[in-house]
Amino acid sequence: MVTDPIADFLTRIRNAQMAGHKVVEIPASNMKKRITEILYDQGYILKYKFDDEGVQGVIKIALKYDPQTRKPVIRELKRISKPGLRKYVKTNELPRVINGLGIAIVSTSKGVLTNKQAKVENVGGEVLCYIS
């Protein structure tokens, strides 16, 4: 039993990148599926696939690396809101990651969005993580 599934999701991606893996498999949930879709839309991962094998299902993520340097495209994954200390923000307090170069993933009343999408939708919420 994992007490913080989103931190586990981010750690699995981070570990797979440090080991140089091309694909990482992660137990699925609706929140993780939405975060995966955001990572794909923002260009941080190559592709993904949702498999419904077993009870929970699996997310298969193809990691993206720079062709010349072979370094991962995702430089940093940082969990912000933790189970012991939740971090909520209003619309006017939405964070800017690396002066707009990175993204923050926010869980709002309108679903899981990036900080930029949340600003457009004019909603605040729980800041899940920073990705740069």
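A residue counts as buried under 20% relative accessible area, as exposed over 50%, and as partly exposed in between, with a 1.4 Å probe and protein chains only. On that scale, 40% of the 132 residues of the chain are buried. The model is a predicted one, so to speak of local features takes a pLDDT of at least 70, side-chain atom pairs count only at pLDDT 80 or more, and totals for chains, interfaces and linings use all residues. Residues are numbered from 1 along each chain as its sequence is written, and side-chain values use heavy atoms, with hydrogens and water left out.

Start with the overall build. The chain has three helices and eight strands, where helices (H or I, at least four residues) and strands (E, at least two) are DSSP runs numbered from the N terminus. Read along the sequence, these elements follow the pattern α-β-α-β-β-β-β-β-β-α-β. The radius of gyration, taken over C-alpha atoms, is set against a globule rule of 2.2 Å times the number of residues to the power 0.38. For 132 residues a compact globule would come out near 14 Å, and the 15 Å of the chain agrees with that. Along the principal axes, the C-alpha atoms fill a box of roughly 40 × 40 × 25 Å.

Next come the aromatics. A pair of aromatic rings is described by the distance of the centres and the angle of the planes. Rings of Phe, Tyr and Trp (its six-membered ring) pair if their centres lie within 6.5 Å, and planes under 30 degrees apart count as stacked, over 60 as edge-to-face and the rest as tilted. Searching the whole structure turns up two aromatic pairs. Tyrosine 40 and tyrosine 48 make an edge-to-face pair, with 5.3 Å from centre to centre and 75° between the planes. Tyrosine 48 also pairs with phenylalanine 50: the centres are 5.1 Å apart and the planes sit at 45°, so this pair is tilted. Together, Tyr40, Tyr48 and Phe50 form one aromatic cluster. Rolling a probe the size of a water molecule over the atoms shows where empty space is left. On a 1 Å grid over the protein atoms alone, a cavity is a set of points where a 1.4 Å probe fits but cannot get out, while a pocket is an open set with protein on both sides within 12 Å along at least five of seven lines; lining residues have an atom within 4 Å of a point. Grid points are joined across faces, edges and corners, and a volume is the space filled by probe spheres set on the points. The largest pocket has a volume of about 220 Å³. Its lining includes Gly20, Lys22, Leu46, Tyr65, Asp66 and Arg70. The lining residues divide into five nonpolar, one polar and four charged, where Ala, Val, Leu, Ile, Met, Phe, Trp, Tyr, Cys and Pro count as nonpolar, Asp, Glu, Lys and Arg as charged, and the others, Gly among them, as polar.

Arginine 70 turns up again in the backbone angles, with phi near 60°, a positive value in a residue other than glycine. Arginine 70 sits in the loop between strand S3 (58–63) and strand S4 (77–79) and is exposed, at 68% relative accessible area. Asparagine 99 also has a positive phi, near 55°. The loop that holds asparagine 99 runs between strand S5 (88–89) and strand S6 (103–108), and asparagine 99 counts as exposed at 62% relative accessibility.

Arginine 12, in helix H1 (residues 5–19), is 62 residues from isoleucine 74 in sequence and 13 Å from it in space. Isoleucine 105, in strand S6, is buried at 0% relative accessible area, and its C-alpha atom is separated by 19 Å from that of lysine 47, 58 residues apart along the chain. Arginine 34 lies in helix H2 (residues 30–41) and is partly exposed at 24%.
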